[in-house]
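Have the sequence and the 3D view open side by side.

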Amino acid sequence: LDLSFNKISRIENLDKLVNLTDLSLHKNNIKKIEGLDNLKKLEILSLGDNKIAEMSNIHSLRPFKSLKVLSLKGNPVAADETYVANVIAFLEQVQYLDYKFLVPTDQQKGYRPTELETILKEEKKSKKVEELKIKREAENKIDTAMNAAGLRTLYDDMITADKAYEKICQLTNINVTFKSDVLQKYEQSFRKAIEDYYTECEAIHEKRDDEEKLYKAAVEKADKLSKDNSVALIQEFEAKKNIAIENYGDADGESDELDKLKEELKILEQKLMEGEMLLVEQLSTVNDVFTKKMRELKDRSNSKRSEFAGIVGELVLQYQSNVGEFIEKERIKLEEYADEDSEAKTKEQAFLRSDKCEEAINSSFESQKEYIEELIAQCTKEEEARMKSRTTE
């Protein structure tokens, strides 16, 4: 696309040209390289004789990994003594600059501006974030298939949703053992319950996959046998038909041959119909067996889910109880040493003594309990839908 000599001051309205590889904007009034974000396939970019002055414009071209040819000759930025070195440092993909093949000097190769180091750190961070995103998407896809969506991150998500948990964590400032004796033990037990249940989900999913493979193999086998039998019957009839055609020229036997052929055709139709009925019967049996297996696995899944819900529900209840016991003990301590303590109450002690402490405990308990119930209900609903889909297919 050639947009040279058009007095353009701003690069815009090119978003839809996603397959563009060659763009020329020579001899315009452009001061900033922008509006090219969607042009990821760009290989040649000519911006010579414009008004581009800032080196950051060169840096902005770093995401264009397909860019091989760049021209900025005639722009103020090209007069900078570090111009070529910046292109080499920031745009490793560029092979030709201002229509000349780039051959870096040793000094240019060693040029490492602080801006580059910052960009490299950001790119490394972004890469990790993207890799983590891809990993989680892959995990979510697997977990959804095995009816365990949200299970891996259940504890972290539950705690994040619990607005009162942070207040309870303040109590660790009063007694450091509270964190290890209550909070950490709770987390360890909860994560162990998740791990055990996830293992069960994997086993059920693997068994379900095996049953589906066996089902498909049985259907394909029955269908193939039926088709092979039909083909054999038709070929047998064709052979008899050919013989009848050969004998049809005999005037004395024409009527007999035709009658025989008609009879053979009726027999063929009858056998083909019987074969179809047999196939329907076989497929019905296979479907019944498969449906039974799926229901058994669904029952097993529901049972394990109920068991898991009971375990974590008990853990949450125990968590509430342990926090309550800790608070009661600490309150007794505060009362015992109240006269000896002449210093002002700390923020944590004030919270410990107040009704807000019980409110936080109850709120935390209800929040975590509700989060678990919602996840379990969602998993049950999704499994019902998948079961229905499988049996329908």
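Lys369 and Glu373 form a salt bridge, and their closest N and O atoms are 3.0 Å apart. A salt bridge here is a side-chain nitrogen of Lys or Arg within 4 Å of a carboxyl oxygen of Asp or Glu. Side chains of opposite charge can pair when their charged atoms come close. Lys369 and Glu373 are 4 residues apart in helix H10, so about one helical turn separates them. An α-helix has 3.6 residues a turn, so residues three or four places apart point the same way. Helices (DSSP runs of H or I, at least four residues) and strands (runs of E, at least two) are numbered from the N terminus.

How open to the outside are these two side chains? Lys369 is partly exposed, with a relative accessible area of 35%. Glu373 counts as partly exposed too, at 44%. The scale is this: buried means under 20% relative accessible area, exposed means over 50%, and partly exposed lies in between (1.4 Å probe, protein chains only).

Before going further, note that this is a predicted model: local features need pLDDT of at least 70, side-chain atom pairs count only at pLDDT 80 or more, and totals for chains, interfaces and linings use all residues. Residues are numbered from 1 along each chain as its sequence is written, and side-chain values use heavy atoms, with hydrogens and water left out.

The structure holds 22 salt bridges. One joins the side chains of Arg191 and Asp156, at 2.7 Å from N to O. Arg191 is partly exposed at 31% relative accessibility, and Asp156 is partly exposed at 38%. Another salt bridge joins Glu264 and Lys240, at 3.1 Å from N to O. Glu264 belongs to helix H8 and Lys240 to helix H7, so this pair ties together parts that are 24 residues apart in sequence. Salt bridges can also form a network, as they do among Glu200, Arg300, Lys304 and Glu307.

Now go inside. Which residues have the most contacts inside the largest nonpolar core? They are Leu151, Phe190 and Phe308, in a core of 40 residues. A nonpolar core is a set of buried Ala, Val, Leu, Ile, Met, Phe, Trp, Tyr and Cys residues joined through side-chain atoms within 4.5 Å. Helices H5, H6, H7, H8, H9 and H10 each give two or more residues to this core. H7 gives the most, with 10 residues. Take Phe308 as an example. Leaving aside neighbours within four places in sequence, Phe308 is in contact (heavy atoms within 4.5 Å) with residues including Leu151, Ala193, Tyr197 and Ile376. There is also a second, separate core of 32 residues, and Leu23, Leu61, Leu72 and Leu97 are among them.

In H5, Leu154, Tyr155, Met158 and Ile159 are buried. They cover an arc of only 125° around the axis, so they lie on the same side of H5. The arc is that of the directions from the helix axis to the C-beta atoms. Helix H2 (residues 83-90) gives another picture. Here 7 of the 8 residues are buried, so H2 is largely enclosed by the rest of the structure. Its buried residues pack against helix H1, strand S4, helix H3 and helix H4.

Move to the loops. Lys163 is in the loop between H5 and H6, and it counts as exposed at 68% relative accessibility. Lys163 and Ser367 are 204 residues apart along the chain, but their C-alpha atoms are separated by 8.1 Å.

Backbone angles come next. Most residues other than glycine have a negative phi, and most peptide bonds are trans. Asn13 has a positive phi, near 65°. Asn147 also has a positive phi, near 60°. Asn13 lies in the segment before strand S1, and Asn147 lies in the loop between H4 and H5.
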